Amino acid sequence: MNLNIAGQTDKGLIRPNNEDDFFVDPKQGILAVADGMGGHASGEIASKMAVDVLRDYFQKASEGNAPLIASCYNENYSDATNQLCSAIQLANRAIHEAAKSNPQLHGMGTTLAAIMIQGRQLSIAHVGDSRIYLVRAGEIEQLTDDHTLVYEQVKHDLITKEEAERSTIRHVLTRALGIAPFVDVDLDEMTLAEGDVLILCSDGLSGMISDRDILLMATSLDNPSIACQELINMANMKGGKDNITVVAGYLARKRRFASVLKFFRWFRR
């Protein structure tokens, strides 16, 4: 399946520095977004560490030198999904140990949302409130749950989703990389279809524009690089209150018309 990937990040209009980071590897079909947190620029250190560990792990995996971590192995999922989980656990451990060893980095952490596409198989792993969306047949679906206090309230029917979006504590995380020696990673898998669009983003995007805005932009454009830039522009037009990172993966449709034309030319011989 032909996959077209792009990613962009922007510090927004308010924040003095960018604590987001992202990673794309078209060859292995890996897309990831990280949103760091912590004072003294440690948020950007945490997000960069997460992305670097993920990249290094899958570089070693391509060489056959990246074993799965037994403590997070789940037999219900494929090796690809368990590899994502292992990479995230290693990133969590690295960030946690760095924060413990350096007082200036105390309390740093990051979200991490990552996917791996192998053929039609989609592997999903995430921690925090960076989101993964699937756009399919004119509809948008959020594939990840936000690990936040307000989302826990929504799940227990204490508040509505609309009330959660207006809440003053909507960005308070219940889970992040680097806070503890081990982190619970949400995993999932699904089968993709041609024409699907995958959008990964930090809450600097999802907190500024609606899911419908994301859907309209993803379906009106067929270039992931332009889609990422336009989504960032939309978030900045709404105020750009946070760093904004977007990664997009477009699964191309088969060119059926070209195949029919090729057959017609062959038939006329």
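Reader: What makes β5 and β6 a hairpin, and what is the phi of glycine 119 in the turn?

Author: In this predicted model, two residues lie between β5 and β6. Glycine 119 sits in that turn, with a positive phi of about 65°.

Reader: How do you know that β5 and β6 pair?

Author: Pairing takes at least two bridges. β5 and β6 (residues 121-127) have seven, in the antiparallel sense. So they count as paired. Isoleucine 117 stands opposite leucine 122 in β6.

Reader: What makes β3 and β5 a pair?

Author: The cut-off is at least two bridges. β3 (residues 30-37) and β5 share four, antiparallel. Therefore they pair. Leucine 31 faces isoleucine 115 of β5 across this pairing.

Reader: Why is β5 called largely enclosed?

Author: Buried means under 20% relative accessible area. Six of the seven residues in β5 (residues 112-118) are buried, so the rest of the structure largely encloses this strand.

Reader: Which residues touch the most other members of the largest nonpolar core?

Author: Leu54, Phe58, Leu177 and Val185 do, in a core of 34 residues. At least two residues each come from β3, α1 (42-62), α2 (79-101), β5 and β6. α2 gives the most, with nine.

Reader: What is valine 185 in contact with, leaving aside neighbours within four places in sequence?

Author: Contact needs heavy atoms within 4.5 Å. Valine 185 has such contacts with Cys85, Ile88, Gln89, Ala125, His126, Val127 and Arg175.

Reader: Which residues does the second, separate core include?

Author: Among its 22 residues are Met217, Ala235, Val246 and Tyr250.

Definitions and conventions. Residues are numbered from 1 along each chain as its sequence is written. This is a predicted model: local features need pLDDT of at least 70, side-chain atom pairs count only at pLDDT 80 or more; totals for chains, interfaces and linings use all residues. Side-chain values use heavy atoms; hydrogens and water are left out. Buried means under 20% relative accessible area, exposed over 50%, partly exposed in between (1.4 Å probe, protein chains only). A nonpolar core is a set of buried Ala, Val, Leu, Ile, Met, Phe, Trp, Tyr and Cys residues joined through side-chain atoms within 4.5 Å.
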